Every structure is written in structure tokens, then in C-alpha cells.
Amino acid sequence: MFSSIPASSVRRRGAARLAAAVLVPGLVATLSLAGAGSATADEAPGHQGGAAATLDGLKTYDTAVLHVNGEDQRLPAGLFEMTVDGGGRLKTYCIDIHNPTQDQAKYLETPWDQTSLGANKNAGKIRWILEHSYPQIDDLAALAKSAGSGPLTDRTAAAGTQVAIWRYSDGADVDAGDAAAEKLADWLEKSAKDSAEPRASLTLEPSAVSGRAGEPLGPVTVRTDATGVTVTPPADAAASGIRITDKDGNPVTTAVNGTELYFDVPEDSADGSAALGVEATTSVPVGRAFAGVTKSQTQILAGSSDSTVSATATANWAKEGAIPAVTAERNCAEGGVDVTAANQGDEPFTFELAGAEYTVAPGGTTTVTVPVVEDEAYALTVTGSGGFSRTFTGVLDCLTTGAPEPANEPETKQASSQPLPASIGGSAEGGTAGTAGTGTGIVTGAGSTGGGLTGDLAETGSSGATPVIAGVAIALVVLGGGAVFLLRKKKASTGTTPESE
């Protein structure tokens with residue numbers, strides 16, 4: 001039953017930004033301590049928790065007509081399909097019409113306030129549309145009766161739903177190519193009501209803690225929509241003696257929403273760090289946002305099979321001195337990344353970030369917002385006392401592009417035989433869709449013949465030079481340091497780590 005794809009046209013670099021959105025998944029880099037407060041980090045995007053999935057392509061779709069600059073552009077509109085890491089399938093719609101998708105792009109379940117939905121006053125209406133249309137309503141005769149649309153197929157129902165979503169997600173002037181699909185889109189748009197954001201499938205709050213060996217390190221609170229989760233102790237737990245417990249010191253192997261977890265580290269342990277994991281199999285709530293790890297069009301969940309969801313949290317301990325716990329989260333409201341350093345040691349923790357120095361008092365917390373260029377890869381390295389080093393990487397993709405290029409700028413179009421947006425493979429319903437161009441970092445693709453569409457398509461895909469550009473961007477961010485970023489010390493408080501979504 002899982003088909004998929006969004007109809008999207010290319011983001012035009014000169015286009016006006018419609019929403020001052022709040023986007024992008026929060027980050028937590030992987031941490032391993034060598035001792036005495038020293039640390040190294042993998043330069044990979046982290047995950048606040050939930051489902052992680054790979055885009056499989058546009059599966060169930062029909063046509064839509066986008067009106068820009070007095071011209072009509074035909075493009076596909078419908079459902080994406082994603083494969084969940086660890087098992088499961090997702091159906092999603094696009095919520096960023098002008099931004100291309102990337103073949104086999106990696107996506108992470110993401111809070112609304114870290115996507116363009118955060119600044120979109122109509123975000124709740126989009127969720128209503130998802131809950132009252134295809135594929136959540138798969139009785140097409142009943143859906144057609146409610147909408148007064150006339151007969152619907154899977155393809156036209158998906159197209160009509162996507163068109164209605166685009167009108168709210170992007171403010172797009174777009175119509176469905178099929179008459180029944182257009183009536184469905186009109187009905188959904190007019191009927192939509194505000195709905196609250198669905199709860200995350202699974203997160204851990206906070207994602208990093210610190211303290212002295214021999215004392216409970218935590219709490220780390222489980223937040224989940226699942227009925228229960230499995231708790232996995234550190235990989236070397238048997239040798240190290242580290243346990244995951246409740247507040248009374250009892251070992252914990254399963255948890256539910258609200259469970260507080262602690263790292264129980266033996267008092268004679270050498271300075272170091274460890275990680276715990278939680279995992280569950282559940283249906284991800286309809287309406288959860290999915291943002292790309294690399295530059296790829298943001299999606300919103302329309303349907304989920306039972307899928308694997310997971311989250312991790314780290315602990316850092318030492319006998320004396322500074323004991324830091326550092327996390328990072330994209331902050332689209334400020335156009336940057338919030339790097340938060342907490343210190344549970346008995347000495348100040350001094351760290352450098354992008355050319356500036358900061359000090360966190362014992363028991364204190366400091367958050368620094370690093371401005372980051374929209375749509376460009378970044379790598380932010382925190383280096384601190386005791387040899388501490390941790391790097392956070394990602395792409396800031398905070399804004400939808402809901403307006404066309406200025407009329408005096410030439411517009412690039414594609415014929416139907418050229419690649420279609422972010423789609424691969426074939427579909428009995430929608431025909432064979434093309435693949436998007438080469439993606440950033442982990443994704444590759446090649447153009448192929450589009451499936452069953454005629455007329456002009458908005459530009460899609462991406463340049464084959466993207467990996468090179470992304471690599472250069474990361475290098476410049478790391479090496480540029482203070483020359484690239486202006487830092488603002490956002491806040492300093494004591495005793496607590498800011499709660500992340």
C-alpha cells in the first residue's frame with residue numbers, strides 16, 4: 001500500500017523566500033572520550049531521535065500546473081515512498097515545491113519548529129489535510145463523495161492532496177491537472193482546520209549528560225509515541241560495569257514515555273564516556289516532518305507502516321576538573337546552529353567555537369548561536385580544555401521558496417524526457433519516473449525518462465558538482481573560523497541543559 005513521491009520543481013537561487021521558517025533536524029554528533037575530558041567526534045549529522053529513512057522516489061502521482069510569472073508549468077504531484085532504517089515504509093508529501101529532492105537522500109524525523117512549518121501559521125491545516133485525505137482515507141468513493149469531486153483514482157487522489165498541501169506549505173498558485181483532483185484540492189483547502197503537531201515517535205531529553213563517576217548521571221527522559229521501547233546499554237557494559245538504571249539504581253531494559261534513565265558508572269572508572277540507545281517498532285504519527293540530511297526537499301508524513309524508531313544519549317564523566325556535555329541543534333529562527341555546552345565539573349570549562357572563546361562555570365550552561373548560510377553545508381568544531389573536541393555537521397535548510405524568479409530573469413525549463421524531481425524506479429500507477437541529479441555527499445543519481453507526463457516541467461534535480469561544492473563549503477566553514485561566523489552568546493544559566501524537542 002506504500003507508494004510515494006512529491007511533485008517538486010527546482011529551487012531557483014534568485015527566488016524570494018516566502019517563509020521565515022524554523023527548520024532542520026536537531027543535531028548530536030557521535031562522541032567517544034579518550035580520557036581526562038578529551039573527546040573526538042565523527043563529523044556526521046546527528047539525530048534527535050525517531051525514524052531515519054531513505055527516499056525511494058515518486059510512486060503514486062498525476063499532474064499539476066504551477067502558475068509562475070504569468071506562465072504555466074506542468075509538474076508531477078503525489079506521494080513519495082521512503083524505506084526506514086531497521087525496517088518499515090513511509091509515505092510522504094512535499095512541503096517545499098521549488099526545492100529539488102535528491103535520489104536516495106537520507107531523511108530524519110524532525111520537529112516542526114526545525115522546519116519551515118515552524119513559522120507557517122497554516123501548518124496545522126496541512127496536518128488536517130493529511131488526516132482527511134488519501135492515503136489515510138483509502139476509500140476513494142467515500143473521499144470523492146465528501147469532496148463532491150467525481151470519481152478518483154489513487155493517482156488523482158494523491159495529486160489533489162499534494163496540490164492542497166502546496167497551497168498552504170508554499171503559498172503556491174497551483175492547480176491539479178485532473179478535474180476531479182482539482183475539486184478534491186479545493187475541498188481540502190476550504191475544509192482544513194488547525195491541528196496540533198503530533199508527538200515525536202521517539203526522543204531522549206537531553207541527548208548528553210555529564211558528571212562524576214560513582215554518581216548517577218542523568219536523568220535522560222524518554223519521550224515516545226510508542227507503547228514501549230527497548231533500552232540498550234553501552235557496548236562495553238559487561239567489561240566496564242556501566243549500567244543503565246532508574247532513579248533508584250534498578251537496572252532498566254525497557255521504558256515507556258516519561259521514563260527517566262541514568263548512567264550508573266563505577267566509582268573507580270577512568271575518565272571517559274558512553275552511550276545508551278533506545279529503540280521501538282511503531283507507526284510514526286501522521287504529520288511528522290522529515291528533513292534531509294543533505295540538501296533535499298522537506299517532506300511531511302502521510303502514512304507509516306510499523307517502523308523502527310531509535311534515539312541515543314551520551315554521558316561524559318571525570319574524577320575532577322571540567323566535565324562537559326556538548327550538543328547542537330539547528331535554529332532556523334536565528335538562521336544558525338545553537339551549540340550548548342553544560343559543565344557538571346568542579347572547574348570552569350573553556351572552549352573555542354568558530355574563532356571565539358567561551359567559559360562555562362561549574363554547574364552552568366552556555367548556548368552560542370553560530371550564524372550559518374542557508375542551503376550550504378557547515379561543520380562546527382568545539383575544542384575545549386582537557387583536549388575536548390567535537391564536530392557538528394549538516395546543512396541549514398530553513399526556508400521554503402514560494403515565489404518565482406523576477407520576471408526579467410530567464411527561466412530554465414525541462415522537457416518531459418528529462419529527469420523528474422527526486423524519483424526512481426517505476427510505478428504501475430504513475431509510470432516510470434526519472435531520478436534526480438547527483439546529490440550532496442551520500443547520494444548519487446542519473447537522469448532517466450519521465451513517466452507519463454507531457455508539457456513543460458519546472459527545473460529539477462541538482463548539479464553533478466554538488467559533492468565538490470559541499471566538500472569545499474565544509475572545509476571553508478572549518479578553516480574559516482571566526483572569519484566566517486559572527487558569534488552571539490545567546491544565554492548563560494546554571495544547573496540545567498536546555499530541553500530539546
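Author: Two strands count as paired if DSSP finds at least two bridges between them, and strands themselves are DSSP runs (E, at least two residues), just as helices are (H or I, at least four), numbered from the N terminus. This is a predicted model, in which local features need pLDDT of at least 70 and side-chain atom pairs 80 or more, while totals for chains, interfaces and linings use all residues. Residues are numbered from 1 along each chain as its sequence is written, and side-chain values use heavy atoms, with hydrogens and water left out.

Reader: Happy with that! What makes β16 and β17 a pair?

Author: Two bridges join β16 (residues 289-292) to β17, and the strands run antiparallel. The definition asks for at least two, so they pair. With six residues between them, β16 and β17 form a hairpin.

Reader: And how do you know that strand β5 is joined to β17?

Author: Five bridges join β5 (residues 89-94) to β17, again antiparallel. Within β17, T92 has L301 as its bridge partner.

Reader: Why is strand β17 called mostly covered?

Author: Buried means under 20% relative accessible area (exposed is over 50%, partly exposed in between; 1.4 Å probe, protein chains only). In β17 (residues 299-304), six of its six residues are buried.

Reader: Turning to the rings, why is the pair of F349 and F351 called stacked?

Author: A search of the whole structure finds four aromatic pairs. F349 and F351 form one with 5.7 Å centre to centre and 20° between the planes. Rings of Phe, Tyr and Trp (its six-membered ring) pair if their centres lie within 6.5 Å, and planes under 30 degrees apart count as stacked, over 60 as edge-to-face and the rest as tilted, so this pair is stacked. Both F349 and F351 are buried.

Reader: What makes the pair of F349 and F388 stacked or edge-to-face?

Author: The planes of F349 and F388 lie 80° apart, with 5.6 Å centre to centre, which makes the pair edge-to-face. F349 sits in β21 (residues 349-353) and F388 in β25 (residues 388-395), so the pair ties together parts that are 39 residues apart in sequence. Ring pairs link F349, F351, Y358 and F388 into a cluster.

Reader: Why are β22 and β25 called edge strands?

Author: The open sheet has four strands in the order β22-β21-β24-β25, with antiparallel pairing. β22 (356-360) and β25 each pair on one side only. Inside the sheet, three bridges join β21 to β24 (residues 377-384), and L353 has V382 as its partner in β24.

Reader: How do you know that helix α3 is close to its expected reach?

Author: The expected span is 1.5 Å times one less than the number of residues. Helix α3 (residues 154-169) has 16 residues and reaches 22 Å from its first C-alpha to its last, close to the 22 Å expected. In α3, 14 of the 16 residues are buried, so the helix is largely enclosed by the rest of the structure. G171, with a positive phi near 65°, follows α3.

Reader: Finally, why are α2 and α4 called roughly perpendicular?

Author: Their axes come within 9 Å and cross at roughly 65°. Axes are lines fitted to C-alpha atoms, for helices over the stretch in contact, and angles run from 0 to 180 degrees between N-to-C directions. Angles of 65 to 115 degrees count as roughly perpendicular (under 35 as roughly parallel, over 145 as roughly antiparallel, the rest as oblique); α2 and α4 are therefore roughly perpendicular to each other.
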